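Here is a short briefing to read alongside the model.

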Amino acid sequence: MADSVRWGILATGGIAAAFTADLLEMADAEVVAVGSRGPESAKRFAERFGIPRAHGSWAELAADDEVDVVYVATPHSAHRAAAGLCLEAGRAVLCEKPFTLNVREATELVALARTTRRFLMEAMWTYCNPVVRRMTELVRDGAVGEVRAVHADFGLSGSFDPTHRLRDPAQGGGALLDLGVYPVSFAHLLLGEPDEIQAWARLTPEGVDENTGVLLGWDGGAVALLSCSLTADTPQTASVTGSSGRIEFPRGFFDPERFVLHRPGHDPEVFTAPAAEAARRGYQHQAAEVMRCLRAGETESPLVPLDGTLAVMRTLDAVRDRIGVRYPDEG
């Protein structure tokens, strides 16, 4: 592969814009195309960011042979269709989180990527963040002893109209998939897939969750207490408590700049991003990992493995089953 990796952007919403802005600041990335459901939105997005080609359909973008990898930034209800289209056309894919609506769709995408030997990764930027990676190294090396508890929350205080995507079952609405995927993924990163899952939620009149609590348990004795909300501005913090120490992340744990290690008999230790990584913005870390994998000929990222993505989707499905959230066409 050439030194510069050529990106296509599928969708033109806010997160597509934020990711594209970060890509344009990376010397080894080139944004060469954008695709949308219609030509006008694609053209406006291309003009805004100076992108050479604007495609008026997903299929046209997927068929663009000058694109190395497509970033799928649609609402998650369309991830299966959009990412599948790109994989079938021979493109590598970075697909926004949550990966899909459910584990059935996720399994189909993973099987397609592995059959076609195309790169596929969930855009769980937290896993690629250098501060989070340093935390996992410390935990693995025993800095806090045996992990006993994980706490994490992500809530927003908003008055979302019933037609807003966060309240629309047809678009995979609800706090869990949009926000709760971060606390759940954080717990999975440290402890793997849970053995026991309990949950409670208040549902909206449309039938999606607006305030949700999750309790995960592992046979070894560890627990995770997680929450997500569309009705409350929670601290958005996280902590990892072990038998001999504790790690605390401040607000914004999903894209942190630092964390603090507390151990008995020691002063608190503050860890920040390495100097070489500190200048990068959040989306750039995951973009760098995608490009590293492509240059190395890897079809999966060791930082965001597909088996891990499937495990998270199984947990999200189990939580939805317990709180009574089902989406159209799920039966």
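Two strands are taken to pair if DSSP finds at least two bridges between them. With that in mind, here is what this predicted model shows: strands β7 (residues 147-155) and β10 (residues 223-229) run parallel and are joined by seven bridges.

**The sheet**
- Eight strands form an open sheet with mixed pairing, in the order β8-β9-β10-β7-β11-β12-β13-β14.
- Its edges are β8 (196-203) and β14 (269-272), each of which pairs on one side only.
- On average, neighbouring strands of this sheet are turned by 10 degrees against each other, direction ignored.

**Phe-249**
- You will find Phe-249 in strand β12 (residues 245-249).
- Phe-249 counts as buried because its relative accessibility is 3%, and the cut-off for buried is under 20%.
- Beyond its neighbours within four places in sequence, Phe-249 is in contact with several residues, including Val-131, Met-135, Phe-186, Pro-256 and Phe-259.
- Gly-221 is 28 residues from Phe-249 in sequence, and their C-alpha atoms are 23 Å apart.

**The helix pair**
- Helices α5 (residues 103-116) and α11 (residues 306-323) pack with their axes 9 Å apart, at an angle of about 165 degrees.
- Angles over 145 degrees count as roughly antiparallel, so α5 and α11 are roughly antiparallel to each other.
- The crossing of α5 and α11 is left-handed.
- Among the residues that meet are Val-103, Ala-106 and Val-110 in α5, and Leu-306, Leu-310 and Met-313 in α11.
- Six nonpolar, one polar and four charged residues make up the contact of α5 with α11.

Note on methods: Residues numbered from 1 in each chain as written. Predicted model: local features only at pLDDT ≥ 70, side-chain atom pairs only at ≥ 80, totals over all residues. Heavy atoms only, no water. Helix = DSSP H or I, 4+ residues; strand = E, 2+ residues; numbered from the N terminus. Buried < 20%, exposed > 50% of the residue type's maximum accessible area, 1.4 Å probe, protein only. Contact = heavy atoms within 4.5 Å. Axes fitted to C-alpha atoms, helices over the stretch in contact; angles between N-to-C directions. Parallel < 35°, antiparallel > 145°, perpendicular 65-115°, else oblique. Left-handed = near helix turned anticlockwise from the far one by under 90°. Nonpolar A, V, L, I, M, F, W, Y, C, P; charged D, E, K, R; others polar.
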